[in-house]
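Trainee: Could you take me through the surroundings of the ligand in this model? I would like a close look at that part, and then a word on a few other places.

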Amino acid sequence: MSADQAKANIGVVGLAVMGSNLARNLASREGNTVAVYNRTYEKTEHLLAEHPEAEFVASSTYEEFAASLSTPRTAIIMVKAGRGTDAVIDELVKVFEPGDIIVDGGNALFTDTIRRERAVRETGINFVGAGISGGEEGALLGPSIMPGGSAEAWETLGPILKSIAAVAEGEPCVTHVGTDGAGHFVKMIHNGIEYADMQLIAEAYDLIRRGTGKTPAEIAEIFAEWNRGELESYLIEITAEVLKQVDADTQKPLVDVILDQAGAKGTGAWTVQTALDLGIPVSGIAEAVFARSLSSKPAQRAAASDLPGPSEAWTVDDADAFIEDVRLALYASKIVAYSQGFDEIVAGAEQYDWDIKKGEIAKIWRGGCIIRAQFLNRITEAYDEDPGLVALLTAPFFRSALEQAQEAWRRVVIAATRAGIPSPAFSSSLSYYDGLRADRLPAALVQGQRDFFGAHTYKRIDKEGTFHTQWSGDRTEIEATDTH
Ligand code: NBP
């Protein structure tokens, strides 16, 4: 940076695909001058050469970078999550001053963000963990942004983030989610729901293809049609594009040439691990994570490939009716995935003492992120009508959607089971729905078993208190308090 360059009002550290696009997005907004820094300076030079119009203020050291920013300094870190983030924070803390703001826009685990926020706060510097969704296109044109951190930091940061966020129905897709790790927590849940949504769409495609014999290009048309209805969403839209694609080398549908082993970067697994700790059943998300794991076990799949399946071949009698059933099953299972995701948000907010507005979260996911969908408006309405809603799927709108879909949903799961077609997300979502609505669950028997082998006690439906049966001998029941 030369001495005569203007001071920048915002900085970006980390100029790989996300950081450079976010820096360009910031630079394109009125009134912003953007300072940039990358560990490997060649990347900075490359960005400057490619985008002179952005008028970046570049630095090759952290000291220069800090000096290039007006105070209070604000810098967004966009580096590989984990050790890279810690390394950059350590450097920034040395050159920043109390009142400055460090934002981590990477995909950090929320518990790391809680730890980092606590440590940085001791220096008087504000630390904000902000989930940023939407991939490289979102970073450039407008992402959905989920910032945590203090209310004081949000005051400075809010206007800047609002200026670069996606806009949905006239509203910027950013809100102050809650303190410390709340933003990264909500981003994690976003990604978990994304896993479930993608798996459900994949199952729908597989069932239609195998049940009706339609080609990927024909199924692309079906998805394009669905995208004009209640399933309208980015993921349905891009699914139609992917299915339409023909491989230039083989002239086959590209989807038939792609190796059927799905990768994962870990945020889906975090969602499930956290849900296990919080005791929240996110079965749709978990099955989506496990389906990717199963797909990526070629040795086991090869060894099991000659295990028997159903003896009869399967085709559906009425293709149009079956496709409509699959659409309804997809919609119902999607409602379950979102309901489970929001359950986890509620449990996380309770556990970590965050005041998270569920309706606001659904609103900021309407644009700029991978799970953007029409459907999110219905979620906002549901929480606006009843902020204490105990389960999203019981809200009037979703209740009636499930009522309309449930028979079709069952037909699809039955057909898939008979035909030996894996549909883990469809079927686990239906089981969850049936479990939740059941008058009585076999959990009573589980309690009996637990009491039998471990004297874990049980409660009764007809009396207050805690009980234990003496399973050997005369099998009498005693109030558990008497056993102590
Ligand atoms: P990467 O995750 O590939 O990280 C590369 C960047 O990290 C480079 O700038 C690299 O500097 C820097 N870096 C590393 Br690696 N270790 C460092 C260290 N010890 N000190 C300083 N810098 C270090 O970049 P990305 O794909 O642009 O993603 C950035 C963040 O955004 C990640 O946390 C990612 O999870 C998140 N995110 C990505 C997407 C997406 O679609 N890609 C979407 C949403 C969020 P170098 O040039 O010197 O190696």
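Mentor: With three residues, helix 4 is the element that gives the most to the shell around the ligand. Helices here are DSSP runs of H or I with at least four residues, numbered from the N terminus. The model is a predicted one, in which local features need pLDDT of at least 70 and side-chain atom pairs count only at pLDDT 80 or more, while totals for chains, interfaces and linings use all residues. Residues are numbered from 1 along each chain as its sequence is written, and side-chain values use heavy atoms, with hydrogens and water left out.

The shell holds 20 residues, of which Met 18, Asn 38, Thr 40, Lys 43 and Val 79 come nearest to the ligand; a residue is near a molecule if one of its heavy atoms lies within 4 Å of it. By class, ten residues of the shell are nonpolar, seven polar and three charged. In this scheme Ala, Val, Leu, Ile, Met, Phe, Trp, Tyr, Cys and Pro are nonpolar, Asp, Glu, Lys and Arg are charged, and the others, Gly among them, are polar.

Next come the polar contacts, pairs of N or O atoms within 3.5 Å. A polar side-chain atom of Thr 40 lies 2.4 Å from an oxygen atom of the ligand. From the backbone, an N or O atom of Val 17 lies 3.4 Å from a ligand oxygen atom, and one of Leu 15 lies 3.5 Å from a ligand oxygen atom. The ligand taken alone exposes 910 Å², and the protein buries 77% of that; accessible areas come from the Shrake-Rupley method with a 1.4 Å probe. Helix 1 (17-27) and helix 4 are the elements that give two or more residues to the shell.

Helix 4 covers residues 83-95 and includes Thr 85. Thr 85 has a relative accessible area of 1%, so this residue counts as buried (buried is under 20%, exposed over 50%, partly exposed in between, with a 1.4 Å probe and protein chains only). Beyond its neighbours within four places in sequence, Thr 85 is in contact with Val 79, Lys 80, Asp 104 and Arg 116, where contact means heavy atoms within 4.5 Å.

For another place, take Pro 281, in the loop between helix 12 (267-278) and helix 13 (283-295). Pro 281 counts as partly exposed because its relative accessibility is 44%. Leaving aside neighbours within four places in sequence, Pro 281 is in contact with Gln 340 and Tyr 432.

Technical notes: Polar contact = N/O pair within 3.5 Å; in protein donor to acceptor, adjacent residues only side chain to side chain.
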